[in-house]
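Please look through the sequence and the model below before reading on. The paragraphs after them can be followed residue by residue in the viewer.

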Amino acid sequence: MTRQTKITITSILFLLVAIIDVYAVIMQNKSLEIIFKPLLMTLLVIVYLVSVKKPNFWLVSALFFSFWGDVFLLDKVNYFVFGLGSFLIAHVLYVKMTSQLLKKQSANKILKAAIIFVVLFAGVLFLIKDNLGEMLVPVIVYGIAISAFGTCALLNYQQEKSTINLWLLLGAILFIASDSLIALNNFYSPKRLFDIAIITLYIVSQYLIVKAMIAKNQ
C-alpha cells in the first residue's frame, strides 16, 4: 500500500468519524458520542503520521492530550477539570510548536498581535466570572494559554503571509472560538446550538492545524 493510499484511507475515515460525531451531538446520542469522539484525535494523528516523514513531537503530544481532553469531557459533570487540564497542556504544546516557527519578534509586535485575543478572553471572562467560583483561577490560566497560542499563530502569519500559515492561524482562531463557546455554555447560558458549534469548530480547527503542519513538513 502506497503512502498516498494510506493518507486517503485515513483521511476518509477521519471525515466519516467527524460526521458521525457531529450527528451524535445533534441527536444527543451519548452512546454514539462515547464511541466516536475518542476516535477523532486517534484518526487525526494517524493521518498526520502517515503523511510526514519526520513527525513534530509537539504536535503529536498536543493531539495526545486533546484525545484525553475529549475523553474526560464526555462526562463534564465529574471530569470537567481533567478535561480542562488536558486541553491546557495541549494548548501549551501548540504554543511551543508555533513559537518555534517564529523569528525574533519585537515587544511592540507581540503586544499588537496579542491584544485581540486578550480582549476576546476578557469579554468572555466578564460574562462568566460570577459563575466560576473556584474555577476562576484555572479558567484564567487556560485563557492565557489559548491567547498565547492565537498570538503565536498570528505572528507566524504576519511573518510570512502564506496559505499554510493562514491554515494554522484559522485553526488557532477556531479552537479559541470553540473553547469560548464551551465557557459560555458551561458558565453563562447553556444552549443546544452551542454544543453543535463547539464540536464542529473543534474538529475543523484541529484538522487545519494538522493540515498546516503536514504542509510545512513537506
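The model is a predicted one, and the values given here are computed from its atoms.

The largest pocket has a volume of about 440 Å³, and of the 22 residues that line this pocket, the closest to its centre are Val25, Glu33, Lys37, Lys76 and Asp195. Helices H1 (3-27), H2 (30-51), H4 (76-99), H7 (163-187) and H8 (192-217) are the elements that each give two or more residues to the lining of the largest pocket. By class, this lining divides into 10 nonpolar, four polar and eight charged residues.

The second largest pocket holds about 270 Å³ of space, and 15 residues line it, of which Ser11, Val47, Tyr207, Lys211 and Ile214 are the closest to its centre. Helices H1, H2 and H8 each supply at least two residues of this lining, with the largest share, six residues, coming from H8. The lining of the second largest pocket has 11 nonpolar, three polar and one charged residues. Lys211, one of the residues closest to the centre of the second largest pocket, also lies over the face of Trp167, at 4.3 Å from the ring centre.

The aromatic side chains form 14 pairs, counting rings whose centres lie within 6.5 Å. Phe72 and Phe82 make a tilted pair, 5.5 Å centre to centre with 35° between the planes; this pair links distant parts of the chain, with Phe72 in helix H3 (residues 57-72) and Phe82 in helix H4, 10 residues apart. Phe72 is partly exposed because its relative accessible area is 22%, and Phe82 likewise counts as partly exposed, at 48% relative accessibility. Phe175 and Tyr202 form an edge-to-face pair, 5.6 Å centre to centre with 75° between the planes, and this pair joins helix H7, which holds Phe175, to helix H8, which holds Tyr202, across 27 residues. Phe175 counts as buried because its relative accessibility is 0%, and Tyr202 is buried too, with a relative accessible area of 5%.

Finally, Ser99 is found in helix H4, where its side chain reaches the backbone oxygen of Lys96 at 2.9 Å. Ser99 counts as partly exposed because its relative accessibility is 30%. Although 54 residues separate Ser99 from Ala153 in sequence, the two are 8.1 Å apart in space, C-alpha to C-alpha.

Note on methods: Residues numbered from 1 in each chain as written. Predicted model: local features only at pLDDT ≥ 70, side-chain atom pairs only at ≥ 80, totals over all residues. Heavy atoms only, no water. 1 Å grid on protein atoms, 1.4 Å probe; cavity = no way out; pocket = protein on both sides within 12 Å on 5 of 7 lines; lining within 4 Å. Points joined across faces, edges and corners; volume = space filled by probe spheres on them. Helix = DSSP H or I, 4+ residues; strand = E, 2+ residues; numbered from the N terminus. Nonpolar A, V, L, I, M, F, W, Y, C, P; charged D, E, K, R; others polar. Buried < 20%, exposed > 50% of the residue type's maximum accessible area, 1.4 Å probe, protein only. Polar contact = N/O pair within 3.5 Å; in protein donor to acceptor, adjacent residues only side chain to side chain. Phe/Tyr/Trp six-rings, centres within 6.5 Å; stacked < 30°, edge-to-face > 60°. Lys NZ or Arg CZ within 6 Å of the ring centre and 35° of its normal.
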